[in-house]
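Student: I have a model open and would like to learn how to read its features. Can you walk me through it?

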Amino acid sequence: MATVRTRPDPRKLTDDELELFRAFHLMRRGFDRTLDAQLQHDDGISISELEVLMALVRSPGRRLRVRDLVESTGWEKSRVSHQVTRMASRGLVERQECAEDRRATWIHLTGEGRRVVVRALPKHSATIRRILFDALSTEQQDALLGIARTMNTAISDEDCPAPEDCDD
């Protein structure tokens with residue numbers, strides 16, 4: 001049984017913990033970078049743009065309010081706003097007035113935005129399959145799913161401040 005003297009200092013990581021953290025960090029960042037690089041190379045969009053486009057594709061009427069995009073992406077309102085501005089300038093989305101709430105704005109998927117998603121998804125899914133599913137056995141996938149669920153619960157239990165207030 002660990003005592004106060006033998007318990008590790010919670011402010012420091014052991015060598016084994018550091019090794020696990022570094023490996024996890026490299027894996028997470030490498031996975032994100034690989035997916036982003038594939039999308040940039042094959043379809044000229046970023047992983048962030050795909051995230052917004054997918055939220056819109058899945059929404060009724062292919063439109064969401066900014067506050068709904070904030071909730072969907074977990075980003076701050078300013079990041080969503082900047083991302084939407086860049087995407088609107090490329091014709092992937094458009095802003096529309098919200099008749100139900102004059103303070104809000106609809107972000108609507110354009111035909112071009114939909115074409116980009118339809119074109120990008122098969123190659124993007126193939127990259128995910130190669131890196132995640134083909135690289136792991138069924139048992140490893142099951143273990144990873146359990147780990148991801150446990151970590152997501154721990155993350156949601158953290159007392160982190162919510163993204164900035166978003167009335168839009």
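**Strands, core and a helix pair**

Tutor: Let's begin with S3, which is mostly covered, with four of its five residues buried. Keep in mind that this is a predicted model.

Student: Which strands does S3 pair with, and how do they run?

Tutor: Strand S1 (residues 63-65) is joined to S3 by three bridges, and the two run antiparallel. Strand S2 (residues 93-97) also runs antiparallel to S3, with five bridges. For landmarks, find Leu 64 opposite Ile 107, then Glu 94 with its bridge partner His 108.

Student: What about the nonpolar core? Which residues touch the most other members?

Tutor: The general idea: in soluble globular proteins, nonpolar side chains tend to be buried together. Here the largest nonpolar core has 23 residues, and those touching the most other members are Ile 45, Leu 53, Leu 56, Leu 69, Val 80, Val 93 and Ile 107. Helices H2 (47-57), H3 (66-73), H4 (77-89) and H5 (111-133), along with strand S3 (105-109), each supply at least two residues of this core. H2 gives the most, with six residues.

Student: What does Leu 56 touch?

Tutor: Leaving out residues up to four places away in sequence, Leu 56 touches Arg 62, Arg 63, Leu 64, Val 93, Ile 107, His 108 and Leu 109.

Student: At what angle do H2 and H3 pack?

Tutor: About 115 degrees, with the axes 10 Å apart, and the crossing is right-handed. H2 contributes Glu 51, Val 52 and Ala 55 to the contact, while H3 contributes Leu 69, Ser 72 and Thr 73. By type, that contact has three nonpolar residues, two polar and one charged.

Note on methods:
Residues numbered from 1 in each chain as written. Predicted model: local features only at pLDDT ≥ 70, side-chain atom pairs only at ≥ 80, totals over all residues. Heavy atoms only, no water. Core = buried A, V, L, I, M, F, W, Y, C linked by side-chain atoms within 4.5 Å. Buried < 20%, exposed > 50% of the residue type's maximum accessible area, 1.4 Å probe, protein only. Contact = heavy atoms within 4.5 Å. Pairing = 2+ DSSP bridges. Axes fitted to C-alpha atoms, helices over the stretch in contact; angles between N-to-C directions. Left-handed = near helix turned anticlockwise from the far one by under 90°. Nonpolar A, V, L, I, M, F, W, Y, C, P; charged D, E, K, R; others polar.
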